[in-house]
Amino acid sequence: MARAAHELRTPLALMRTSLDLALWKERDARSLREALEETRREVVRLSALAGNLLDLASFGRGGWEVRAGDLREVVEDAATAARAEAEGRGVWITVEGPEPAPCAFHAASVRQAMDNLLANALRYAPPGTEISVRLEQEEARWRLSVRDRGPGIAAEHWESVFQPFFRGDAKGAGTGLGLAVVQEVARRHGGLAYVTRVDAPGTQLVLELPEAGPSLTK
């Protein structure tokens with residue numbers, strides 16, 4: 001709770017400062033617009049942080065409705081939703097894997113995890129590169145991997161990146177909770193979330209889910 005309060009105070013302080021400066025003296029339209037744009041960026045950050053905090057809180061409660069479904073459909077929907085932002089950054093997203101991909105899972109939380117994995121990849125993917133989404137079946141588990149061609153994650157941070165509020169660089173663009181949500185989704189399904197080594201520059205994050213669903217893994 002203390003860490004969450006600290007993370008909430010930072011964007012609130014920036015918003016207050018920006019608004020106070022705008023109200024302190026008469027400003028032209030351009031200056032006021034810049035103040036509003038800066039405030040809006042912090043509102044977006046606050047909204048993302050609040051959403052991720054609510055996700056983590058809800059995962060601590062029971063009552064998940066797990067149903068048989070098609071993982072490929074969830075992956076495709078998440079990739080489609082991310083493509084507009086990707087194209088605006090000069091990045092393209094590809095999806096590979098079997099169709100259908102039958103699995104018992106909680107659809108809303110897995111979709112949230114996929115959205116977070118893609119958002120993380122987009123944050124670091126350089127223009128003109130590809131984000132590869134791959135769905136593979138290994139024995140009785142499905143392996144969802146998202147790979148970017150960015151600077152990569154240092155090996156000593158591979159476990160830490162899934163901890164709440166951890167940031168391994170100075171970008172500061174994320175909430176520090178997106179990958180923590182991914183790990184919680186994996187845990188609730190009896191699965192795993194981890195980083196794997198890749199040959200070329202970049203990062204590959206993996207979400208593994210048991211095909212039979214969480215009820216048979218606990």
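Is Glu85 buried, partly exposed or exposed? Glu85 is partly exposed, because its relative accessibility is 42%. This is a predicted model. Its salt bridges come to 11. Its largest nonpolar core holds 39 residues.

**Salt bridges**

- Glu85 has a charged partner: Arg89 forms a salt bridge with Glu85. The closest N and O atoms of the two are 2.8 Å apart.
- Arg89 is partly exposed as well, since its relative accessible area is 38%.
- Side chains of opposite charge can pair when their charged atoms come close.
- Asp20 and Arg16 also meet through their side chains, in a salt bridge of 3.7 Å, N to O.
- Both residues belong to helix H1, which covers residues 2–24. About one helical turn separates Asp20 from Arg16, because they are 4 residues apart in H1.
- An α-helix has 3.6 residues a turn, so residues three or four places apart point the same way.
- Asp20 counts as partly exposed because its relative accessibility is 42%. Arg16 has a relative accessible area of 60%, so Arg16 is exposed.
- In helix H3 (residues 71–88), Glu76 and Arg72 are likewise 4 residues apart, about one turn of the helix.
- The side chains of Glu76 and Arg72 form a salt bridge, at 2.7 Å from N to O.
- Arg72 is buried, because its relative accessible area is 6%, and buried means under 20%. Glu76 has 24% relative accessibility, so Glu76 counts as partly exposed.
- This pair is part of a network: salt bridges link Arg72, Glu76 and Glu99.

**The nonpolar core**

- Which residues touch the most other members of the largest nonpolar core? They are Leu71 and Ile131.
- Beyond residues up to four places away in sequence, Leu71 touches Ala101, Cys103, Phe105, Val110, Leu135, Trp142 and Leu209.
- Val110, one of the residues touched by Leu71, is among the buried residues of H4.

**Strands and their pairing**

- Strand S4 covers residues 130–138 and pairs with strand S2, residues 92–96. The two run parallel, over 5 bridges.
- Across this pairing, Glu96 stands opposite Arg134 in S4.
- S4 also pairs with strand S5, residues 141–148. Here the sense is antiparallel, and 7 bridges join the two strands.
- Glu136 stands opposite Arg143 in S5.
- S4 and S5 form a hairpin, with 2 residues between them. Glu139 sits in the turn and has a positive phi of about 55 degrees.

**Glu208, a buried acidic residue**

- Glu208 lies in strand S7, residues 203–210.
- Is Glu208 buried or exposed? Glu208 counts as buried, because its relative accessibility is 10%.
- The side chains of Glu208 and Tyr194 make a polar contact at 2.5 Å.
- Setting aside residues up to four places away in sequence, Glu208 touches Glu138, Arg141, Trp142, Arg143, Gly191, Leu192 and Tyr194.

**Helix H4**

- How does the span of helix H4 agree with its 18 residues? At 1.5 Å a residue, H4 (residues 107–124) should span 26 Å. The end C-alpha atoms are 26 Å apart, so the two values agree.
- The buried residues of H4 include Ser109, Ala113, Met114, Asn116, Leu117 and Leu118.
- Ala119 is in helix H4 too. Ala119 is partly exposed because its relative accessible area is 35%.
- Ala119 and Ala82 are 37 residues apart along the chain, and 7.7 Å separates their C-alpha atoms.

- Pro127 lies in the loop between H4 and S4.
- Pro127 is exposed, because its relative accessible area is 66%.
- Its contacts, leaving aside neighbours within four places in sequence, are Arg89, Gly90 and Val91.
- Arg89 is the residue that forms a salt bridge with Glu85.
- Pro127 and Trp92 lie 35 residues apart in sequence. In space they are 9.0 Å apart, C-alpha to C-alpha.

Key. Residues are numbered from 1 along each chain as its sequence is written. This is a predicted model: local features need pLDDT of at least 70, side-chain atom pairs count only at pLDDT 80 or more; totals for chains, interfaces and linings use all residues. Side-chain values use heavy atoms; hydrogens and water are left out. The expected span of a helix is 1.5 Å times one less than its number of residues. Buried means under 20% relative accessible area, exposed over 50%, partly exposed in between (1.4 Å probe, protein chains only). A salt bridge is a side-chain nitrogen of Lys or Arg within 4 Å of a carboxyl oxygen of Asp or Glu. A polar contact is a pair of N or O atoms within 3.5 Å; within protein, one must be able to donate a hydrogen and the other to accept it, and residues adjacent in sequence count only if both atoms are side-chain atoms. Contact means heavy atoms within 4.5 Å. A nonpolar core is a set of buried Ala, Val, Leu, Ile, Met, Phe, Trp, Tyr and Cys residues joined through side-chain atoms within 4.5 Å. Two strands pair if DSSP finds at least two bridges between them.
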